[in-house]
Amino acid sequence: MWGYSPALDIQLEVNKSATNCLGECLEVLIVGAGDARHIVKTLASSYLYRDRIITYHVIESTLEQVARSMLLLSTCLEKDLGLQEATRYYLEIYGNTLVRPATAKYLVKHSDRLMDIPTNTIDCTWLSLENFKRRDKDRLEGIFKFWERATRENIPVVEYWDQRVRKSLKTRYDYRDGVFDWDYHMVLKSRDVSNLTVQEYRFWRNNGIAFTWLEGEPARSNPTLVSNIIQHGPGFIHYAYLGDITNGPFFTWGSEEVKINQNKYRATDIAEREIMRSIHEIRTKEPLCDELIASHRDSSILNGTLMIEMPSNAMEQESWKRERNKYRKDDIPWIDIKNQKVIFHPVTSLETLKCKTEYTSKFDFMWIAHNMTKQLPNLIPLVKKGAIVLVELRKYLVELREEDLENFVKELRDIGRKNGLREISDINAKKHYIAKFYKC
């Protein structure tokens, strides 16, 4: 449902590490990122570089992750949202089991619009689903329909979360706060995790709410975190919440940030600042000044840890009536992105792209998630000689110990060596969150 390494500016990484002189076009392959963070970050930073056509080819393991990436990207690109409004919508949908009513209303409205993209009844110039088969497009449409309906009906996602925690901890469930504290202090803190507070982490482990603010109470379920959604007759079948319950969505935006003015900021504050900066830069192609960020915040509460109580069951289970949103098909809500496009590929492409001549030695840059490294033999033929290959490491995975991190790096080196990859710099399993290679 989310990644485990910070968002990267792909153009910056290419310029730092490229062994070849790159032309006017940049072909990028992103495998298993779990969200759209690298695309958002690269879009935001594009004004810093010369004009270049960038095509992002994205492979995710599930259609739910494809749909979430579409939702998060479109939230950043929607021109009618206020800056803080779009930022908090993004963060709540991204990492919270419960969202504020205003965010839920946005999710209902926006899901209603996104379900028209797979059927090509609404024009979306920055996105392509042409590589999906008809049945996959139908499933994507069904996922958006489910989100719209499940948000109104308020499915019990917190109960799903608690069932996962109970199953995971078993007899330790009654002592779960002690388990969460141990994971934070003995694992995460030893890996140089800054800004994430123990209160934030413990609260998220208990109920799945990662990002909180004083202004508004999260009371509506976030169905975008539900897995394996299948339309069945007039209704839907799903497999509740099957995602991460131990690590959290805190490490993708600003986990490497240092203290600002020697103040201690929460992970929420850092993530809010970085998302706000990205959305502003995408819209204006100008840097975001600190004064503008401050104007959206109450500085008196920045250095404290904001905690909230869970809503009452009556509020959480309240159902909304369906009100079909009316919009013109030619009323495009997204800002115009020149020279950049996102192309999604089905997960079967992991096996099939290497057999297609048009994809052989096509990509200038590849990013691959830590749980996709076994696919490297299938993917290396797709990148050019001298191309940059970044592999996500497992630094932020709480369930792994130091020897597990070292073993992963050792296995990664072996796979890379056998498939023609060479390290750009040494890999430190405990300190680094990404391994950098180039294809020789």
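The model is predicted, so local features are reported only at pLDDT of at least 70 and side-chain atom pairs only at pLDDT 80 or more, while totals for chains, interfaces and linings use all residues. Residues are numbered from 1 along each chain as its sequence is written, and side-chain values use heavy atoms, with hydrogens and water left out.

**Sheet**
- An open sheet of mixed pairing is formed by 8 strands in the order 4-8-2-1-9-10-12-11, where strands are DSSP runs (E, at least two residues) numbered from the N terminus and two strands pair if DSSP finds at least two bridges between them.
- Strand 4 (127–128) and strand 11 stand at the edges with a single partner strand each, so one side of each has no neighbour in the sheet.
- Strand 1 (residues 25–31) and strand 2 (residues 53–59) run parallel and are joined by 7 bridges, with Leu 26 opposite Ile 54.

**Strand 12**
- Strand 12 (residues 434–439) is largely enclosed by the rest of the structure, because 5 of its 6 residues are buried (under 20% relative accessible area, 1.4 Å probe, protein chains only).
- Strand 12 pairs in the antiparallel sense with strand 10 (residues 383–392) over 5 bridges, and with strand 11 (residues 421–423) over 3 bridges.
- Leu 390 stands opposite Lys 436 of strand 12, whereas Arg 422 has Tyr 438 as its bridge partner.

Note on methods. Buried < 20%, exposed > 50% of the residue type's maximum accessible area, 1.4 Å probe, protein only. Helix = DSSP H or I, 4+ residues; strand = E, 2+ residues; numbered from the N terminus.
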